[in-house]
Amino acid sequence: MNGNETPMPRTGQPQDDTADGWFPESVAAEYDDPGGANAPETIEPVVSVLEELADGGPVLEFAVGTGRIAAPLAERGVPLGGIELSRATAARVADKPGGAAVEVTIGDMTSARVPGEYSLVYLVFNTISNVTTQDGQVDVFVNAAAHLRPGGLFLIEVGLPDLRRLPPGQDTVPFTVAPDRRGGGYVGFDQYDVVSQEFTSNHVTVSPDGVGRFRRIPFRYAWPAEMDLMARIAGMRLAYRWADWDRSPLTADSTKHISVWTKTV
(Lines give C-alpha, C1' and ligand atoms only; values in the text may rest on other atoms or scores of the structure.)
Protein backbone atom coordinates (compact mmCIF):
# COMPACT_ATOMS: atom_id res chain seq x y z
CA MET A 1 0.00 0.00 0.00
CA ASN A 2 1.83 3.07 -1.21
CA GLY A 3 2.42 5.48 1.65
CA ASN A 4 3.37 2.85 4.22
CA GLU A 5 7.06 3.36 3.48
CA THR A 6 9.09 3.45 6.69
CA PRO A 7 12.65 4.79 6.49
CA MET A 8 15.38 2.18 6.72
CA PRO A 9 17.68 2.40 9.75
CA ARG A 10 21.10 3.96 9.36
CA THR A 11 24.16 2.24 10.71
CA GLY A 12 25.67 3.50 13.94
CA GLN A 13 22.36 4.37 15.59
CA PRO A 14 21.87 3.88 19.35
CA GLN A 15 20.35 0.56 20.34
CA ASP A 16 16.61 0.46 19.71
CA ASP A 17 14.10 0.13 22.54
CA THR A 18 11.59 -2.64 21.81
CA ALA A 19 8.94 -0.65 23.72
CA ASP A 20 8.94 1.78 20.77
CA GLY A 21 7.42 -0.88 18.52
CA TRP A 22 7.98 -0.41 14.79
CA PHE A 23 9.26 3.16 15.23
CA PRO A 24 12.39 2.97 17.41
CA GLU A 25 15.37 5.32 17.38
CA SER A 26 16.85 3.90 14.16
CA VAL A 27 13.61 4.74 12.32
CA ALA A 28 12.87 8.00 14.18
CA ALA A 29 16.31 9.30 13.21
CA GLU A 30 15.24 9.36 9.54
CA TYR A 31 11.54 10.03 9.87
CA ASP A 32 11.86 13.77 9.27
CA ASP A 33 14.15 13.51 6.24
CA PRO A 34 13.14 16.02 3.54
CA GLY A 35 10.73 15.19 0.75
CA GLY A 36 7.86 12.75 0.41
CA ALA A 37 5.39 12.98 3.27
CA ASN A 38 7.52 15.72 4.86
CA ALA A 39 7.44 18.07 1.89
CA PRO A 40 5.76 21.41 2.70
CA GLU A 41 3.41 21.04 -0.27
CA THR A 42 2.23 17.72 1.22
CA ILE A 43 1.84 18.96 4.78
CA GLU A 44 0.11 22.29 4.09
CA PRO A 45 -3.21 20.97 2.69
CA VAL A 46 -3.44 18.42 5.52
CA VAL A 47 -2.96 21.09 8.17
CA SER A 48 -5.42 23.45 6.47
CA VAL A 49 -8.23 20.86 6.38
CA LEU A 50 -7.59 19.83 9.99
CA GLU A 51 -7.56 23.46 11.13
CA GLU A 52 -10.96 24.02 9.53
CA LEU A 53 -12.47 20.84 10.96
CA ALA A 54 -11.05 21.65 14.41
CA ASP A 55 -13.32 24.70 14.63
CA GLY A 56 -11.08 26.23 17.28
CA GLY A 57 -10.19 22.97 19.02
CA PRO A 58 -8.98 21.47 21.17
CA VAL A 59 -7.63 18.67 18.96
CA LEU A 60 -6.06 15.29 19.68
CA GLU A 61 -3.80 13.37 17.29
CA PHE A 62 -3.52 9.60 17.66
CA ALA A 63 -0.01 8.35 16.75
CA VAL A 64 1.44 11.86 16.71
CA GLY A 65 4.88 10.54 15.69
CA THR A 66 7.51 13.25 15.37
CA GLY A 67 4.89 15.99 15.08
CA ARG A 68 4.97 16.19 11.27
CA ILE A 69 1.34 17.39 11.29
CA ALA A 70 0.74 18.32 14.93
CA ALA A 71 3.50 20.91 15.20
CA PRO A 72 2.46 23.07 12.21
CA LEU A 73 -1.17 22.77 13.30
CA ALA A 74 -0.27 23.96 16.80
CA GLU A 75 1.80 26.75 15.26
CA ARG A 76 -1.44 28.06 13.75
CA GLY A 77 -2.82 28.44 17.26
CA VAL A 78 -4.91 25.26 17.48
CA PRO A 79 -4.76 23.76 21.02
CA LEU A 80 -3.43 20.28 20.46
CA GLY A 81 -2.42 17.11 22.27
CA GLY A 82 -1.11 13.80 21.03
CA ILE A 83 -0.87 10.13 21.95
CA GLU A 84 2.20 8.23 20.79
CA LEU A 85 3.57 4.77 21.59
CA SER A 86 7.16 5.47 20.50
CA ARG A 87 9.24 7.57 22.86
CA ALA A 88 11.88 7.88 20.15
CA THR A 89 9.53 9.70 17.78
CA ALA A 90 7.69 11.66 20.49
CA ALA A 91 10.99 13.10 21.72
CA ARG A 92 11.30 14.99 18.43
CA VAL A 93 7.95 16.82 18.53
CA ALA A 94 9.10 19.73 20.68
CA ASP A 95 12.04 20.48 18.36
CA LYS A 96 9.74 21.59 15.54
CA PRO A 97 8.24 25.09 15.21
CA GLY A 98 4.99 24.92 17.20
CA GLY A 99 5.90 21.54 18.68
CA ALA A 100 6.55 22.86 22.18
CA ALA A 101 2.83 23.58 22.46
CA VAL A 102 1.87 19.96 21.73
CA GLU A 103 1.22 17.94 24.90
CA VAL A 104 2.25 14.36 24.10
CA THR A 105 1.11 11.38 26.17
CA ILE A 106 3.06 8.14 25.78
CA GLY A 107 0.62 5.29 25.28
CA ASP A 108 -1.30 3.01 22.92
CA MET A 109 -3.98 4.74 20.87
CA THR A 110 -6.30 1.76 21.34
CA SER A 111 -6.58 2.45 25.08
CA ALA A 112 -4.64 5.50 26.35
CA ARG A 113 -6.86 8.27 27.70
CA VAL A 114 -6.08 11.93 28.23
CA PRO A 115 -8.23 14.48 30.09
CA GLY A 116 -10.72 16.75 28.36
CA GLU A 117 -13.17 16.72 25.48
CA TYR A 118 -12.01 17.41 21.95
CA SER A 119 -13.61 18.88 18.84
CA LEU A 120 -11.47 16.70 16.58
CA VAL A 121 -9.47 13.49 16.92
CA TYR A 122 -7.42 12.53 13.88
CA LEU A 123 -5.23 9.66 12.69
CA VAL A 124 -3.32 10.15 9.44
CA PHE A 125 -0.81 8.52 7.07
CA ASN A 126 -2.15 4.94 7.21
CA THR A 127 -1.50 4.52 10.92
CA ILE A 128 -4.83 2.78 11.61
CA SER A 129 -3.35 -0.13 9.64
CA ASN A 130 -0.57 -0.51 12.21
CA VAL A 131 -3.27 -2.00 14.43
CA THR A 132 -3.32 -5.52 13.05
CA THR A 133 -6.61 -6.95 14.37
CA GLN A 134 -10.20 -5.96 13.74
CA ASP A 135 -10.88 -5.80 17.48
CA GLY A 136 -7.92 -3.48 17.94
CA GLN A 137 -9.12 -1.19 15.17
CA VAL A 138 -12.59 -1.06 16.75
CA ASP A 139 -10.86 -0.09 20.01
CA VAL A 140 -9.25 2.86 18.21
CA PHE A 141 -12.69 4.09 17.13
CA VAL A 142 -14.11 3.60 20.62
CA ASN A 143 -11.18 5.44 22.17
CA ALA A 144 -11.54 8.31 19.70
CA ALA A 145 -15.24 8.65 20.50
CA ALA A 146 -14.47 8.65 24.22
CA HIS A 147 -12.32 11.75 23.72
CA LEU A 148 -14.83 13.65 21.58
CA ARG A 149 -17.41 16.13 22.74
CA PRO A 150 -20.94 15.62 21.30
CA GLY A 151 -20.82 16.47 17.61
CA GLY A 152 -17.02 16.14 17.55
CA LEU A 153 -15.23 14.63 14.57
CA PHE A 154 -12.91 11.66 14.08
CA LEU A 155 -10.78 11.69 10.91
CA ILE A 156 -8.74 8.87 9.39
CA GLU A 157 -6.45 8.99 6.33
CA VAL A 158 -5.57 5.54 5.03
CA GLY A 159 -4.61 3.87 1.77
CA LEU A 160 -6.87 1.46 -0.05
CA PRO A 161 -5.44 -2.03 -0.65
CA ASP A 162 -4.16 -2.51 -4.18
CA LEU A 163 -5.97 -5.80 -4.66
CA ARG A 164 -7.11 -4.99 -8.20
CA ARG A 165 -3.52 -5.61 -9.32
CA LEU A 166 -3.48 -9.17 -7.95
CA PRO A 167 -4.05 -11.85 -10.62
CA PRO A 168 -5.11 -15.33 -9.44
CA GLY A 169 -2.33 -17.05 -7.55
CA GLN A 170 -0.35 -13.86 -6.80
CA ASP A 171 -0.20 -12.19 -3.38
CA THR A 172 2.45 -9.49 -3.90
CA VAL A 173 2.23 -5.98 -5.38
CA PRO A 174 5.29 -3.71 -5.80
CA PHE A 175 4.70 -0.05 -5.03
CA THR A 176 8.18 1.46 -5.51
CA VAL A 177 11.25 0.49 -7.52
CA ALA A 178 13.62 3.44 -7.59
CA PRO A 179 16.94 4.92 -6.55
CA ASP A 180 16.86 6.06 -2.93
CA ARG A 181 17.79 9.54 -1.75
CA ARG A 182 21.32 8.52 -0.72
CA GLY A 183 22.36 7.15 -4.12
CA GLY A 184 21.51 3.49 -3.61
CA GLY A 185 18.44 1.52 -4.65
CA TYR A 186 15.05 0.93 -3.05
CA VAL A 187 12.33 -1.65 -3.69
CA GLY A 188 9.03 -1.67 -1.81
CA PHE A 189 6.30 -4.28 -2.12
CA ASP A 190 3.17 -5.31 -0.23
CA GLN A 191 2.22 -8.95 0.39
CA TYR A 192 -1.48 -9.60 1.04
CA ASP A 193 -3.52 -12.27 2.80
CA VAL A 194 -6.98 -11.58 1.41
CA VAL A 195 -8.64 -13.97 3.90
CA SER A 196 -7.36 -12.37 7.12
CA GLN A 197 -7.01 -8.84 5.59
CA GLU A 198 -3.48 -8.83 6.94
CA PHE A 199 -0.59 -7.66 4.80
CA THR A 200 3.04 -6.75 5.15
CA SER A 201 4.96 -3.86 3.66
CA ASN A 202 8.44 -4.97 2.69
CA HIS A 203 11.29 -2.53 2.18
CA VAL A 204 14.62 -3.41 0.57
CA THR A 205 17.34 -0.77 0.43
CA VAL A 206 20.79 -1.23 -1.12
CA SER A 207 23.36 1.42 -0.20
CA PRO A 208 25.81 2.84 -2.74
CA ASP A 209 28.49 0.51 -1.35
CA GLY A 210 26.28 -2.54 -2.00
CA VAL A 211 25.08 -3.20 1.56
CA GLY A 212 21.46 -4.39 1.62
CA ARG A 213 18.88 -3.90 4.35
CA PHE A 214 15.44 -5.44 4.65
CA ARG A 215 12.51 -4.28 6.80
CA ARG A 216 9.14 -6.05 7.02
CA ILE A 217 6.19 -4.42 8.81
CA PRO A 218 2.77 -6.01 9.49
CA PHE A 219 -0.51 -4.19 8.82
CA ARG A 220 -4.22 -4.86 8.52
CA TYR A 221 -6.41 -3.26 5.89
CA ALA A 222 -10.08 -2.45 6.37
CA TRP A 223 -12.49 -1.26 3.70
CA PRO A 224 -14.32 2.07 4.13
CA ALA A 225 -17.62 0.26 4.72
CA GLU A 226 -16.01 -1.82 7.47
CA MET A 227 -14.77 1.36 9.12
CA ASP A 228 -18.27 2.81 8.95
CA LEU A 229 -19.44 -0.16 11.04
CA MET A 230 -16.59 0.40 13.48
CA ALA A 231 -17.72 3.99 13.79
CA ARG A 232 -21.31 2.91 14.42
CA ILE A 233 -20.13 0.59 17.21
CA ALA A 234 -18.38 3.60 18.75
CA GLY A 235 -21.44 5.86 18.49
CA MET A 236 -20.42 7.79 15.37
CA ARG A 237 -21.71 8.16 11.82
CA LEU A 238 -20.07 9.15 8.54
CA ALA A 239 -19.95 12.88 7.85
CA TYR A 240 -17.47 13.18 4.94
CA ARG A 241 -15.44 10.89 2.70
CA TRP A 242 -12.84 12.15 0.24
CA ALA A 243 -10.18 10.70 -2.06
CA ASP A 244 -7.56 13.24 -0.94
CA TRP A 245 -7.02 16.39 1.08
CA ASP A 246 -8.41 18.48 -1.78
CA ARG A 247 -11.80 16.93 -0.83
CA SER A 248 -12.20 15.29 -4.21
CA PRO A 249 -14.80 12.50 -4.30
CA LEU A 250 -13.83 8.89 -3.70
CA THR A 251 -13.93 6.78 -6.86
CA ALA A 252 -13.16 3.21 -7.89
CA ASP A 253 -9.68 4.40 -8.93
CA SER A 254 -8.84 6.16 -5.66
CA THR A 255 -5.71 4.94 -3.88
CA LYS A 256 -6.70 6.17 -0.41
CA HIS A 257 -9.59 7.71 1.47
CA ILE A 258 -9.99 10.40 4.08
CA SER A 259 -13.07 9.67 6.14
CA VAL A 260 -14.63 11.82 8.85
CA TRP A 261 -17.22 10.58 11.34
CA THR A 262 -19.20 12.63 13.84
CA LYS A 263 -20.05 11.59 17.39
CA THR A 264 -23.79 11.11 17.74
CA VAL A 265 -24.13 9.83 21.33
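Which residues does Ile156 touch, not counting residues up to four places away in sequence? In this predicted model, Ile156 touches Leu123, Ile128, Phe141, Met227, His257, Ile258, Ser259 and Trp261, where contact means heavy atoms within 4.5 Å. Residues are numbered from 1 along each chain as its sequence is written, and side-chain values use heavy atoms, with hydrogens and water left out. Because the model is predicted, local features need pLDDT of at least 70 and side-chain atom pairs count only at pLDDT 80 or more, whereas totals for chains, interfaces and linings use all residues.

Ile156 also belongs to the largest nonpolar core, which has 27 residues, and it is listed with Phe62, Phe141, Phe154 and Met236 among those with the most contacts inside that core. A nonpolar core is here a set of buried Ala, Val, Leu, Ile, Met, Phe, Trp, Tyr and Cys residues joined through side-chain atoms within 4.5 Å, and buried means under 20% relative accessible area, exposed over 50%, and partly exposed in between, with a 1.4 Å probe and protein chains only. At least two residues of this core come from each of strand 1 (59-62), strand 4 (118-123), helix 5, strand 5 and helix 6, the helices (H or I, at least four residues) and strands (E, at least two) being DSSP runs numbered from the N terminus. Helix 5 gives the most, with five residues. A second, separate core of 26 residues includes Ile43, Val47, Ala74 and Tyr122. In soluble globular proteins, nonpolar side chains tend to be buried together.

Seven strands form an open sheet of mixed pairing in the order 3-2-1-4-5-11-10, two strands being paired if DSSP finds at least two bridges between them. Strand 3 (103-106) and strand 10 are the edge strands, each pairing on one side only. Within the sheet, strand 1 and strand 2 run parallel and are joined by four bridges, with Ile83 in strand 2 as the bridge partner of Phe62. Strand 5 and strand 11, by contrast, run antiparallel and are joined by seven bridges, and Val158 stands opposite His257 in strand 11. Helix 5 packs on the sheet, where it touches strand 1, strand 2 (80-84), strand 4, strand 5, strand 10 and strand 11, and its direction makes about 145 degrees with that of strand 5; axes are lines fitted to C-alpha atoms, for helices over the stretch in contact, and angles run from 0 to 180 degrees between N-to-C directions.

In helix 6 (residues 224-233), Pro224, Glu226, Met227, Met230 and Ala231 are buried. Seen down the helix axis, these buried residues fall within an arc of 155 degrees, so they line one face of helix 6, the arc being that of the directions from the helix axis to the C-beta atoms. On the other side of helix 6, Ala225, Arg232 and Ile233 are exposed. The buried residues of helix 6 pack against helix 5 (134-147), strand 5 (148-159), strand 9 (212-220), strand 10 (236-242) and strand 11 (256-263). Just after helix 6, Gly235 takes a positive phi of about 85 degrees.

A further open sheet is formed by four strands in the order 6-7-8-9, with antiparallel pairing.
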